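Subject: Structure handover

Hi,

Here is the structure for you to look over. My notes on it follow below.

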Amino acid sequence: MLYLWLKAGHVIFVIFWMAGLFMLPRFFVYHQEAPAGSPENAIWIDRERKLMKIIMWPSLFAVWGFGLALAVSGEWYTQGWFHAKLAMVLVLTAYHMWLATYAAKLERGERQLTGRQLRLLNEIPGITAAVIVVMVIVKPF
């Protein structure tokens, strides 16, 4: 029964985290279109902060906590599919950290990427999520 509760918690927080990973780069696109120093710019900074603080950071920690508990309870840490999944979760975690760094840059008025580049970067969570789902469901190795 504990396994099912761990699994449910993991899936719930994966959904929350993924929603944030998809939303934040889109926020960045709109943020960069707002004039620096404008009231609209300040609104986007506030939105980005709230998304990170209320949804994304807590979800990241919950995903890792539930996921590691599942790995231990299922003794998956020796299986190839789990290593591939873990590698993809590390990619998403690094992406999350990069998003947090870019949010801080936008807050300081540094706009280093174009809207197109941000839209392309927004494909990272979708591609990695697809690989993760295949690893977990199919367990190809």
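This is a predicted model: local features need pLDDT of at least 70, side-chain atom pairs count only at pLDDT 80 or more; totals for chains, interfaces and linings use all residues.

Residues are numbered from 1 along each chain as its sequence is written, and side-chain values use heavy atoms, without hydrogens or water.

Salt bridges first. The count is 3, taking a side-chain nitrogen of Lys or Arg within 4 Å of a carboxyl oxygen of Asp or Glu.

- Glu 107 and Arg 49 meet at 2.2 Å, N to O. Glu 107 is in helix 3 and Arg 49 in helix 2, so the pair ties together parts 58 residues apart in sequence. Helices here are DSSP runs (H or I, at least four residues), numbered from the N terminus.
- Lys 50 and Asp 46 pair at 3.1 Å, N to O. Both sit in helix 2, 4 residues apart, about one turn of the helix.
- Glu 110 bridges to Arg 108, with the closest N and O atoms 3.0 Å apart. Arg 108 is exposed, at 54% relative accessible area; exposed means over 50%, buried under 20%, and partly exposed in between (1.4 Å probe, protein chains only). Glu 110 is partly exposed at 30%.

Now the lining of the largest pocket. By class, the lining has 20 nonpolar, 2 polar and 3 charged residues. Here Ala, Val, Leu, Ile, Met, Phe, Trp, Tyr, Cys and Pro count as nonpolar, Asp, Glu, Lys and Arg as charged, and the others, Gly among them, as polar. Helix 1 gives the most, with 7 residues.

Best wishes

Conventions. Helices (H or I, at least four residues) and strands (E, at least two) are DSSP runs, numbered from the N terminus.
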